[in-house]
Amino acid sequence: MTNPAIETQDLHKKYLTLRRKEIPALNGVSLRVERGTIFGLLGPNGAGKTTLLKILLGLCDSTSGTARLLDSSPGDTKVRRRIGYLPEQMRLPDYIKATPFLRYMGRLNGVPSSTLKKRIPQLLEQVGLGGVKKPAKSYSKGMLQRLGLAGALLNDPELLILDEPTDGLDPLGRKQVRDLLQGLKAAGKTIFLNSHMLSEVELVCDQVVILHQGLVARQATPEEFTRGTGECLVRVASVNDSVRAAAASIAGTSAWTDNTLRFSPRDRAELNALIDKLRAVPVEIESVEPVKNSLEQFFLKVVTGEDA
Amino acid sequence: MFAAYMHSVREAVNRRMALVLIGLAVLFAVLFYFLFTIKTVEPKDLSMIFLGKRMLGPASLAVPAALSAEVSITGGLWLFLSIFASVPLLVSSLEKGWVELTLTKGVARWKVLMGCYLSGLTLYAMTLCVAMIPTALWLWIKTGVSFKALLVAIVIESLGFASLMSLAAFASLTRTGAALPIMLAIFVDILSPVLADREQGLFSLITASWARGLINWIYRILPKPFGLLNAATGYIQFGSIKDWFPFWTTGVFIVALMGITMWMLHRKNL
């Protein structure tokens, strides 16, 4: 079994105010990100996501606990050369243009000039900024995001840490980013994704962690989060008393919303029995759908405490 | 560090600070050129230097005096202007939204800050050279009096500027903008002559021995750009340095403060 790309154990972080008051940001975060996967980090504002990212990137120290990235400590400059990072908020100097910016980022990461000469135009093309010559001050939020993404990919990183990568992008741009992430995953890269776009996370991630009040509240695959509830929705063409009575004979107290019955069958046979009863009324059945949690619903349950 | 250095130099040019300083330097060079005239007088084919209509004397004596005057005029002003031009380079290197891009790369934090610090020093020394060397070169060609001493003087003045930049680098760790680092550097620059002449000035107002002792210690600890400027002009005129105290104390100050700054930056939660 290979070592994980990221591993944290009982990570704590407390910030001190000027009056020496402790404000906890992380209260013992333990997580493991396997290599070659896309890992989603979710959490409400103030959950500790940014602090966790900062610790992983070596921008701040943890109060206690350990963090390992690619078998090394986050502060190690050598390991940082194998990581690509896209921050949520980038503030570029007004005058700077895409190519000099990327060249500087590459040089800081020790990428040879000859490699940068070839790689920068390729990446700019890949993120849709090929041929853009204007300075960063005239970039839209989406363009800045694309430039940041190119910067994160410049050193061909083994591990990519992306903070809100689709923020400010239009639907087409978001699709391009999703495709890019899938391509990188196929190439064996590990991607650590922090996003508020739950639908994006649901679509691309292999594992998702929900961070809440500085703790890992849940960790699972998106499929596990959105697994069926056991309920199903039976939609019929029209509802009258005989339809209600037929449904009640199987489903007990029937919960109707307009033409749709929400029903929790004990097994498949009970569902089929309900359908038979309804067909016998007679009434036309338009659809039968299993009820699934969306990641958003699950997320809301976790952060509001309903899931407890 | 070289990448950060080159980026910072480009930033200075793009923010037009460097261009303004170079423009002013060229203006000074032209001004000095027109200030001094050289006339050959009989009977000994002697080159005499004139400042306007006033004769300064024979070249061997007047050229060092002229260069020394040039250093005096330019030195203090250039420190002041360069603080405004160079300190923003340090501050911008630690701005939120930018450090997340640079300090997460495979480079030590101190190298990024040191690159910006050195680019500020380069800007100062280079523009000082542009302002002073053309006149010195012209005088050398016309009179044969070397301007090596001027180059040494520029190095000495750069040491004074380096000390003010190290103060600004330290203050820029607060990440509260350029105002505090600039004010601190200018304050110490202004305080320097006051402390150097404390016996004639401050001590006539302050008589308490403990206060005088405190002022003496402040003088010892703080950098001495004024003392270095005097040493630079003295070196051009006399070819020697009388007092090494401003040199080694300023050197120790720079090394100690930059060391503390780098260590604090390394430890800082960003």
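**Sheet in chain A.** I looked up the strand order first. In this predicted model, chain A has an open sheet of 4 strands, and the order is E11-E12-E10-E13. The pairing is antiparallel. I then checked the edges. Strand E11 (255–257) and strand E13 (285–292) of chain A hold these positions. Each has a single partner strand, so one side of each lacks a neighbour in the sheet. For the twist, I noted an average of 25° from one strand to the next.

**E10 with E12.** I next took one pair from this sheet. Strand E10 of chain A covers residues 228–236, and strand E12 of chain A covers residues 260–263. Over how many bridges do E10 and E12 pair? I found 4 bridges, in the antiparallel sense. As for who faces whom, A:Leu233 stands opposite A:Arg262 in E12(A).

**Loop between E11 and E12.** I moved to the connection between these two strands of chain A. A:Asp258 sits in that loop. Its phi is positive, about 50°, and A:Asp258 is not a glycine. I kept in mind that most residues other than glycine have a negative phi. Is A:Asp258 buried or exposed? I have 8 C-beta neighbours inside 10 Å for A:Asp258. The limit for exposed is 12 or fewer, so A:Asp258 counts as exposed.

A:Val281 and A:Pro282 are joined by a cis peptide bond, with omega about 5°. Most peptide bonds are trans. I placed A:Pro282 in the loop between helix H10 (268–280) and E13 of chain A. E13 is the edge strand noted above.

**Positive phi in chain B.** I logged B:Arg175 here. Its phi is about 55°, positive although B:Arg175 is not a glycine. The residue lies in the loop between helix H6 (148–172) and helix H7 (179–196) of chain B. I read B:Arg175 as partly exposed, because 13 other C-beta atoms lie within 10 Å.

I finished with the interface.

Note on methods: Residues are numbered from 1 along each chain as its sequence is written. Chains are lettered from A and ligands numbered from 1 in the order in which they are written. This is a predicted model: local features need pLDDT of at least 70, side-chain atom pairs count only at pLDDT 80 or more; totals for chains, interfaces and linings use all residues. Two strands pair if DSSP finds at least two bridges between them. Axes are lines fitted to C-alpha atoms, for helices over the stretch in contact, and angles run from 0 to 180 degrees between N-to-C directions. A residue is buried if 20 or more other C-beta atoms lie within 10 Å of its own, exposed if 12 or fewer, and partly exposed in between; C-beta atoms are placed from the backbone.
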